[in-house]
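Here is a short briefing on one protein chain. Look at the fold as a whole before you turn to a single residue.

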Amino acid sequence: MDIGRYFHDNTLKIKRQNFGYTQEDVRKRLGLNSRTLLSNWENGRTIPSPEYMFALSYLYECSPLDLFPNLNKSVIKALTLIDNELFERENQK
């Protein structure tokens, strides 16, 4: 499942700015030790772990799906393709 190309399409920076938070504010609220971790998330270089994705969604008062809309779409698409392949294999037997 190629989901890496969707990391860049996220709403983290917009959500943070809408709440008037600095990156330092968010870093402290989440208990992050790394100063670059949040920047990497916002710039699409990496994606937060599920734990931090839920923490960010709580902080920004939104669904985790709203933070990475295209990532969600790509996962659903990949799972649908896998499901279809399994269905076809079962019907060929």
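Two residues are in contact when they have heavy atoms within 4.5 Å of each other. With that in mind, take the contacts in the chain with a separation of 6 or more: 57% of them join residues 24 or more positions apart. Keep in mind that this is a predicted model.

**Fold**
- The chain has 6 helices and 0 strands.
- Read from the N terminus, its elements run α-α-α-α-α-α.

**Overall shape**
- The radius of gyration of the chain is 16 Å, whereas a compact globule of 93 residues would have one near 12 Å.
- Along the principal axes, the C-alpha atoms fill a box of roughly 55 × 20 × 20 Å.

**Surface and burial**
- The chain has an accessible surface of about 6400 Å².
- Carbon and sulfur atoms account for 53% of that surface.
- Of the 93 residues in the chain, 32% are buried.

**Charges**
- The chain carries 13 positive and 12 negative charges.

**A closer look at Ser39**
- Ser39 sits in helix H3, which covers residues 37-42.
- Is Ser39 buried or exposed? Ser39 counts as buried because its relative accessible area is 18%, and the cut-off for buried is under 20%.
- Which residues does Ser39 touch, leaving aside its neighbours within four places in sequence? Ser39 is in contact with Gln23 and Arg45.

How values were computed: Residues are numbered from 1 along each chain as its sequence is written. This is a predicted model: local features need pLDDT of at least 70, side-chain atom pairs count only at pLDDT 80 or more; totals for chains, interfaces and linings use all residues. Side-chain values use heavy atoms; hydrogens and water are left out. Helices (H or I, at least four residues) and strands (E, at least two) are DSSP runs, numbered from the N terminus. Buried means under 20% relative accessible area, exposed over 50%, partly exposed in between (1.4 Å probe, protein chains only). The radius of gyration is taken over C-alpha atoms; the globule rule is 2.2 Å times the number of residues to the power 0.38. Accessible areas come from the Shrake-Rupley method with a 1.4 Å probe; for residues, only the protein chains shown count as cover. Lys and Arg count as positive and Asp and Glu as negative; His and the chain ends are not counted. The place of a charge is taken as NZ of Lys, CZ of Arg, CG of Asp or CD of Glu.
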